[in-house]
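Work through the exercises below with the structure in view. Try each task before reading its solution.

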Amino acid sequence: MPSSPHPHGTARAADRLLVAAALRAPGWGITLVVAAVGSVVCGLLLPAALAAALDGVLAGTTAAAWNLAVLLTAAALCAVASTVAGAACGAAAVSHLRVRLLGHVLTLGPARAARFAPGDLTSRLTAGAAEAAQAPLAVTETALKVVSAVCALVALTLLDWRLALTLLVTVPMGLIIVRRFMTRASDLFTRYQEIQGRIAAGFAEAIGGVRTIRASATLPREAERILAPLPELAATGRATWRFQRDTAWQAGLLLAVVELAVLTVAGLGVASGRLTPGALLSATGYTALVMSVLDEVDSLLGVAKARAAARRVADVLAEPAPTHGGLPLTPGAPAVTFEDVTVTAGERTVLDKVSAVVPAGSVCAVVGRSGEGKSLLAALAGGLAEPASGRVLLDGVPVPDVDPGHLRRHVAYAFARPALLGATITDLITYGAPQAPEAVAVGAARVAAADAFIRRLPGGYATPPARAMLSGGETQRLGLARAVAQDAPLVILDDATSSLDTATEAQVSAALANAFTGRTQIVVAHRAATAARADLVLWLEDGRVRASGPHHELMAIPAYRSLFQIEEAA
Ligand SMILES: Nc1ncnc2c1ncn2[C@@H]1O[C@H](COP(=O)(O)OP(=O)(O)OP(=O)(O)O)[C@@H](O)[C@H]1O
C-alpha cells in the first residue's frame, strides 16, 4: 500500500521529533555535550600546543612538550566519553521513537493504520527508528565541527589575518558543497528507505500468504513481485554512492587547494620573520580544523540518514489518531444505538444512514449477504471503525466520547480469525483481563469447548500460541474463550463460530448463551440457527437495514429465507 510523499510539514515534524528523541536521556546528553565541547577545546588547543612544543624543543625546553602530552590524554578521554554518551543517547532515542511509533499505530486503529502496509511499518519501526536515533550523535559531531571550525578561524586570524583571509576566500565554495550535499543526500536516503519499506511490505504479505503461494505454486511470481523494486533500490543506491563520491572528491580537492594556499602564505610569513616555524605548524593545524567541516562527510551523512529515517517515522505519527473523550460507561449491559450511520470506502457507500437500536441485555444477530457490512457494523459498535457521518452510542454516550479504558473493558470481541496474542495459551485467553488468575482462563476455555484440545497441547495451557498447531475451529474457540474471560457487558461475536462444525457450534453456542446471560450481544451470523437464537435480527442489504425483528417473523419474507436456503437444503 503506498504511503504519501513527505510534505515540508513532515520534514519539520521530523526535526522536532529528533529534538524530542535527543532529549530523552538528559544525563547522557549533558555528558555528550561536555565531552564534545572538551574535544573541541582540546582540538583547538592542539595546534597551539604543537607550535609551542616545537618552538620549545628548538629552544631546548621541554615544559611545552609535557603540556602537549596532557592535552593529548585529555583529548583521548573526551573522545571515549563522547562515544559512550553518544551510544547511550542513541539507545534512549531509539526506544523513545519506537514506543511513540508503536503506541501511535495501535491507537490509529485498523482502518487508519491500513494506510501503511504492515511490512513497511515494521521497517519504519526497526531500521527507521534505529537510523533516526543516530541523530543526537551525528548532529553533535557536525555541530562540533562547525564550532571548532569557527574557533579555528578566529585562532588563524589571531596568528596572522592574511592566513584567515586566504581561507575565507574559499568559504562560499565550501558552503555550496555542504548545502547541496545535505538537501540531495536527504532526498536520496528517503527514497532508498521508502523502496526498502516496499520490499519489506511485499515480504510480510508473502509470509502471511505462504500457504496460498505454495498451493498456487506461484513462488517465482511472488519472488519477482517482492523483488520488483530491487532495480530501483540499486539505482538509488548507486546514485547515492555517485553523489557521495562526487562530494568527497570536491571536498578533498578544495581542502588540498586551501591547505596549499594557506601554507604558501604562512611560508612567506616565516621567510619574512613574521611567523615562527611553530606558528607555521599551528597554521596548518587550524586550517585542517576549519576545513574538517567538509572532510567530515561521514557525520553529515549520518545527519542526512537520520533525518530521512525520522521523516518516515514522522509520516506515520502525522496520521491523526481518532479522538476520544473521557466519559465513563455505567456498569451493566449497555444499549447500542446506531444513528444514521454512514461509512464510505473511497467512492463507495458501504453503510448508508443505518439506524437501529440493540436494547440492553438483548442478543442481536446481524445477517446479510457477504460484503453487506455486517462485520463493519460490529466493528462500529465497539469503536474499531469510525462512521463518516452519524453516531454510534453506548447507553446514550457517543462511542468517541467514552474513555478508551472503559470502552475496552466494556466491550469484548471474538473474531472469525482471532490473533493469537500472548506468550502462552493462558495469556492469550486472559489477554483482555490480564490480572485474571489461571482458573479464569480454564473456566473460559471450558465454556468455549477449548479445554480438551488445550490439554492435549505439548505444554497445555503454558504452550506458546505460535508453537501450537491449531485448526481454524480451535483458533476460533480460543478467541471465544478470550471474549468469555474478559467478562464484558457488551459482547460482539463477529462470525466467531464460522469454522466450527454444526454439532460443536450448537454445543459452544449453548454454553456461550449461558455465560453471556444478561449481556448485550451483537452476533454476526450466517446460520439460521444463530439468527433464531437472537432476540432481534438486523438484516443488512445494499448498505441499509432492509428489515429487523425476530427471526421467525422475518422468515415470512422470501428474500430473507433465501439467505439461509442453501444451508437448509444441505
Ligand atoms: N473501516 C472501514 N471503512 C470503510 N469500509 C470498510 C471498513 N471496514 C470494512 N469496509 C468495507 O465494507 C465492506 C463490507 O465488509 P464486511 O467485512 O463488513 O462485510 P460482511 O458483510 O461482514 O461480509 P462477510 O459476510 O463476507 O464477512 C467491504 O467491502 C469492506 O472493504
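Axes are lines fitted to C-alpha atoms, for helices over the stretch in contact, and angles run from 0 to 180 degrees between N-to-C directions. Helices (H or I, at least four residues) and strands (E, at least two) are DSSP runs, numbered from the N terminus. The model is predicted: local features need pLDDT of at least 70, side-chain atom pairs count only at pLDDT 80 or more, and totals for chains, interfaces and linings use all residues. Residues are numbered from 1 along each chain as its sequence is written, and side-chain values use heavy atoms, with hydrogens and water left out.

**Exercise 1.** Find how helix α18 and helix α19 pack, and which residues make the contact.

Step 1. Helix α18 covers residues 472-486 and helix α19 covers residues 502-515; their axes lie 12 Å apart at an angle of about 5°.

Step 2. Angles under 35 degrees count as roughly parallel, over 145 as roughly antiparallel, 65 to 115 as roughly perpendicular and the rest as oblique. Therefore α18 is roughly parallel to α19.

Step 3. With contact meaning heavy atoms within 4.5 Å, α18 contributes Arg 477, Leu 480 and Val 484, while α19 contributes Thr 504, Val 508 and Leu 512.

**Exercise 2.** Describe the surroundings of the ligand.

Step 1. There are 16 residues around the ligand (a heavy atom within 4 Å). Arg 348 and Ser 370 are among the closest.

Step 2. Look for polar contacts, pairs of N or O atoms within 3.5 Å. A ligand oxygen atom lies 2.6 Å from an N or O atom in the side chain of Arg 348. For the side chain of Ser 375, the corresponding distance is 2.9 Å.

Step 3. β1 (336-345), β2 (348-358) and α13 (374-381) each supply at least two residues of the shell.

Note on methods
A polar contact is a pair of N or O atoms within 3.5 Å; within protein, one must be able to donate a hydrogen and the other to accept it, and residues adjacent in sequence count only if both atoms are side-chain atoms.
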